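My notes follow in the order I checked things.

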Amino acid sequence: MCMCHHSIQGCSAPKPIPASPDSPAGSHAQLEDTAPRIVEHPTDVLVTKGDPATLSCKAEGRPAPEVEWYKDGERVETDREDPRSHRTLLPGGSLFFLRILHGRRGKPDEGVYVCVARNYLGEATSRNASLEVAGESWGRI
């Protein structure tokens, strides 16, 4: 409100009072964008052929980072790229295998995995996690 109706110099709008760091965050508060960081790393798993498995990965950042998985250095294709894939990228970033594939001709799921979380501020890479498939004779003496 302007109280200087008859002033020669005119009237300027009142200046807003800056919020102090101790004041509660209001609707105008901006949260700072942050680079991704891995908060849950995958761990080594030993699974039986044909069984389901999950490699965990959870990342934080603002904006929320996109998560991709790599196996032995190669990007893992999930059902997002190929609807017939037996691998699904879960909403939190974990990699779910509907069934572990393992045969005489190949071991497409066995290997060393990492998850990589990216946003425009950078990327974070998890620790390595091995997925091993228990062999036909595994567990026998």
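**Entry 1: β9 and its partners.** I started with β9 and strand β10 (residues 122-125): four bridges join the two, and they run antiparallel. The turn between β9 and β10 is a hairpin through two residues. A reminder to myself before going on: this is a predicted model.

Next I looked up what else pairs with β9. β5 pairs with β9 in the antiparallel sense, over six bridges. Here Tyr70 stands opposite Val114 in β9. β11 is another antiparallel partner of β9, joined to it by three bridges. In that pairing I found Gly111 opposite Leu131 of β11.

Is β9 mostly covered or mostly open? I checked, and seven of its nine residues are buried, so I put it down as mostly covered.

**Entry 2: the core.** Which residues of the largest nonpolar core touch the most other members? The core has 20 residues, and the answer is Leu55, Trp69, Phe97, Tyr113 and Leu131. I then listed the elements that give two or more residues to this core: β3 (53-55), β5 (66-71), β8 (95-97), β9 (111-119) and β11 (129-134).

Leaving out residues up to four places away in sequence, I get contacts from Leu55 to Thr43, Val45, Trp69, Ser94, Leu95, Phe97, Tyr113, Ala129 and Leu131. Among these, Trp69, Phe97, Tyr113 and Leu131 are also on the list of core residues that touch the most other members.

**Entry 3: the disulfide.** How many disulfides are there? I searched the whole structure and found one. Cys57 is joined to Cys115, with S to S at 1.8 Å. The bond links distant parts of the chain: Cys57 is in the loop between β3 and β4 (58-62), while Cys115 is in strand β9, 58 residues apart. I also looked up the handedness. The torsion about the S-S bond of Cys57 and Cys115 is about 55 degrees, so I wrote down right-handed. Both Cys57 and Cys115 are buried.

**Entry 4: a three-stranded sheet.** β3, β8 and β7 make an open sheet, in the order β3-β8-β7, with antiparallel pairing. Which strands are at the edges? They are β3 and β7 (87-89), each pairing on one side only. On average, neighbouring strands of this sheet are turned by 20 degrees against each other, direction ignored. I counted three bridges for the antiparallel pair β7 and β8. Arg87 stands opposite Phe97 in β8, and Phe97 is one of the core residues from Entry 2.

Entry 5: I went through the backbone angles last. Most residues other than glycine have a negative phi, and most peptide bonds are trans. Against that background I noted two spots.

- The peptide bond joining Arg62 and Pro63 is cis, with omega about 0 degrees. Pro63 is in the loop between β4 and β5.
- Asp72 is not a glycine, yet has a positive phi of about 50 degrees. I placed Asp72 in the loop between β5 and β6 (74-75). Is Asp72 buried, exposed or partly exposed? Its relative accessible area is 48%, so Asp72 goes down as partly exposed.

Key. Residues are numbered from 1 along each chain as its sequence is written. This is a predicted model: local features need pLDDT of at least 70, side-chain atom pairs count only at pLDDT 80 or more; totals for chains, interfaces and linings use all residues. Side-chain values use heavy atoms; hydrogens and water are left out. A nonpolar core is a set of buried Ala, Val, Leu, Ile, Met, Phe, Trp, Tyr and Cys residues joined through side-chain atoms within 4.5 Å. Buried means under 20% relative accessible area, exposed over 50%, partly exposed in between (1.4 Å probe, protein chains only). Contact means heavy atoms within 4.5 Å. A disulfide is a pair of cysteine sulfur atoms within 2.5 Å. Two strands pair if DSSP finds at least two bridges between them. Axes are lines fitted to C-alpha atoms, for helices over the stretch in contact, and angles run from 0 to 180 degrees between N-to-C directions.
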